[in-house]
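Here are my notes on the pockets and the aromatic pairs. Please read them with the structure open.

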Amino acid sequence: MIYLKLFLTFFEIGAVSFGGGYGMLSLMRELVVQNGWLTDNEMLNFIAVSESTPGPIAINMATFVGSSQGGIFGSFCATLGVVLPAFVIILIIASIANAFMKKRGVTAFLGGVKPCVVALIIGTAVTMGLKALVGVSTVKTAPSFDFRAIIILCIIVGLSLLIKYAFKKKPKPILLIVISAVLGVIMYSF
């Protein structure tokens, strides 16, 4: 039954992922594509939509994937699955937080997990970047550059650096997303 499979798959993602939503993307991509729920290109589109909608990216992704596979109840099952492990763990940790966080083993564990989370996020970003910008999904795939996507990326990076260094402000993500969406509509219309 699709609803149980959605719940269990996203429960697994929520239970074994560290580092928040971006840390979950690697495992989520692997399991969603492996189950045949989305292709790599659809996954990239879902990530773009999840990033541009309010709320945590992992929860948005679970909701969108669940909805695409099982409608409203599918989105409920996937979202509940990805949220439930963290909710239970946080309840347990909150009840013993002060004593728990001072333990040397806990700080050592968290210190060891941080580099892994960074590596997962960078690996996912590189994989998705190669797929979106260069069209490379495997070692044997011949590159086919998407120059429109590369131009949009360069404009957004340049704009972000201009705002940061010329105006001494942190660029607002929603502004960059809106600008990149407008650029995408303009460039991909031709």
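1. Which residues lie nearest the centre of the largest pocket? They are L44, I47, A48, M128 and A132, out of a lining of 32 residues. Bear in mind that this is a predicted model. The volume of this pocket is about 1,400 Å³.

2. Five helices each give at least two residues to the lining of the largest pocket: helix 2 (20–34), helix 3 (40–52), helix 5 (104–134), helix 6 (147–166) and helix 7 (173–188). By class, that lining holds 22 nonpolar, 7 polar and 3 charged residues.

3. The second largest pocket holds about 490 Å³. Its lining counts 22 residues, with S17, F18, A86, I89 and I90 nearest the centre. Helix 1 (2–16), helix 2, helix 4 (57–101) and helix 5 each supply two or more of them. Helix 4 has the largest share, 10 residues. The classes are 17 nonpolar and 5 polar, with no charged residues.

4. Now the rings. There are 6 aromatic pairs. One of them, F10 with W37, is stacked, at 6.4 Å centre to centre and 10 degrees between the planes. F10 sits in helix 1 and W37 in the loop between helix 2 and helix 3, so the pair ties together parts 27 residues apart in sequence. Both F10 and W37 are buried.

5. F46 and F64 pair edge-to-face, at 6.3 Å and 90 degrees. This pair links helix 3 to helix 4, across 18 residues. F46 is partly exposed, because its relative accessibility is 21%. F64 is also partly exposed, at 28%.

6. One cluster deserves a look: ring pairs join Y3, F73 and F76.

Key
Residues numbered from 1 in each chain as written. Predicted model: local features only at pLDDT ≥ 70, side-chain atom pairs only at ≥ 80, totals over all residues. Heavy atoms only, no water. 1 Å grid on protein atoms, 1.4 Å probe; cavity = no way out; pocket = protein on both sides within 12 Å on 5 of 7 lines; lining within 4 Å. Points joined across faces, edges and corners; volume = space filled by probe spheres on them. Helix = DSSP H or I, 4+ residues; strand = E, 2+ residues; numbered from the N terminus. Nonpolar A, V, L, I, M, F, W, Y, C, P; charged D, E, K, R; others polar. Phe/Tyr/Trp six-rings, centres within 6.5 Å; stacked < 30°, edge-to-face > 60°. Buried < 20%, exposed > 50% of the residue type's maximum accessible area, 1.4 Å probe, protein only.
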